[in-house]
Amino acid sequence: MTPPVTAPYSRFEKLGASELEGDETLLGVIEHRAGHTGVSLAEGYPRTAVHTTTREDEGFAEAWHAEGPKESGSHGGVAWARTADYLFGVARVPEGDRYAAGTAAVYTGIFDLIGTLGYPSLARTWNYVSGINTPNADGLEVYRDFCVGRAEALDARGIDPATMPAATGIGAHGGGITCYFIAARAGDRVNMENPAVLTAHRYPQRYGPRPPVFARATWLSPPGTDDGRLFVSATAGILGHETVHHGDVAAQCEVSLENIARVIGAENLGRHGLRRGYALADVDHLKVYVRHREDISTVRRICAERLSREATVAVLHTDIARTDLLVEIEGVVA
């Protein structure tokens, strides 16, 4: 009997963990640490390190897995590994004084790859942006520069921004821009919005010449089953399109968690055609990004109070896309 297909899943491992050696289910490994490396294909899967924290003892390896025979390769600057059903890829924009052109090239490469290999359902993206709040050579904030490049890639391929999946756009302490993604060959993919937060690609121009493009969450299930995963975007203390509770990390953390609860709850999922619902206790494999180190203990306490005791939670010290945001939270519901 053929085993059932399961959606890709992640595990957080210690840096250098021996458990990763020889694991045939590995699709890719992203190390979060106090330093960065280039993108490589090692042992048949893409691997890189992103500089997303300032203490090495806070680092970990984010290992993505999928069942089934696997092959790997590179195309248009994207290192990838795939099973019959899922594709995982990693690319990097080198450090520079402008990022729009490099970002457009990377995303064009991603769109070309998923088309060429036959995995049309882009289900999740991550973007770690060095110096995210600093000005580029033209005085434009680097995150806004990145958003311009991503939008130009969509324009070039005629892609509707509303089809873009859950995403993370967060700071890094060096290394340019690292992008990685999951795409599916078939099955159900449903993008979720949050009724309390404006759809990202409709943000007013005050947030930059081109808006960010992502869904608040994306549901992915294999063909012939509703046993899938809900990928929750990095979520902040935003209501409407505005940051709330300026300077109050505890209050922003609470709003972030409330936003996640609202997105994954039965009412919102029903609005998007899914007959199910989840609570914060169902969210696992969370990455929590905190701007100021002195706020980490407060954020840890609130997350411990609101999330499941069994949840895997990694806290990283790095900058966030808006200068007035102090914390962002992402996770997976399985």
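Strands β6 and β7 form a hairpin with two residues between them, and Gly-76 in the turn has a positive phi of about 55°. Here helices (H or I, at least four residues) and strands (E, at least two) are DSSP runs numbered from the N terminus, and two strands pair if DSSP finds at least two bridges between them. This is a predicted model, in which local features need pLDDT of at least 70 and side-chain atom pairs count only at pLDDT 80 or more, while totals for chains, interfaces and linings use all residues. Residues are numbered from 1 along each chain as its sequence is written, and side-chain values use heavy atoms, with hydrogens and water left out.

Among the buried residues of α1 are Ala-100, Thr-103, Tyr-107, Phe-111, Ile-114 and Leu-117. The cover over the buried residues of this helix includes β6, β7, β8, β9 (121-130), α2 (142-157) and β11 (177-184), where contact means heavy atoms within 4.5 Å. Just after α1, Gly-118 takes a positive phi of about 85°.

Elsewhere, six strands form an open sheet of mixed pairing, in the order β12-β13-β14-β19-β17-β18. Strands β12 (188-192) and β18 (313-317) stand at its edges with a single partner strand each, so one side of each is left without a neighbour in the sheet. Neighbouring strands of this sheet are turned by 10° against each other on average, direction ignored. Axes are lines fitted to C-alpha atoms, for helices over the stretch in contact, and angles run from 0 to 180 degrees between N-to-C directions. Strand β17 (residues 283-290) pairs with β18 in the parallel sense over five bridges, and Tyr-289 stands opposite Leu-316 in β18. Helix α5 (residues 296-306) packs on the sheet, touching β17, β18 and β19 (327-333), with its direction making about 160° with that of β17.

Ser-256 lies in helix α3 (residues 249-264) and counts as buried at 0% relative accessibility. Not counting residues up to four places away in sequence, Ser-256 touches Thr-235, Ala-236, Gly-237, Val-327 and Ile-329.

The structure holds zero disulfides, a disulfide being a pair of cysteine sulfur atoms within 2.5 Å. For Cys-179, the nearest cysteine sulfur is that of Cys-147, 11 Å away, and Cys-179 is buried with a relative accessible area of 1%. For Cys-253, the nearest cysteine sulfur is that of Cys-303, 4.3 Å away, and Cys-253 counts as buried at 0% relative accessibility.

Key: Buried means under 20% relative accessible area, exposed over 50%, partly exposed in between (1.4 Å probe, protein chains only).
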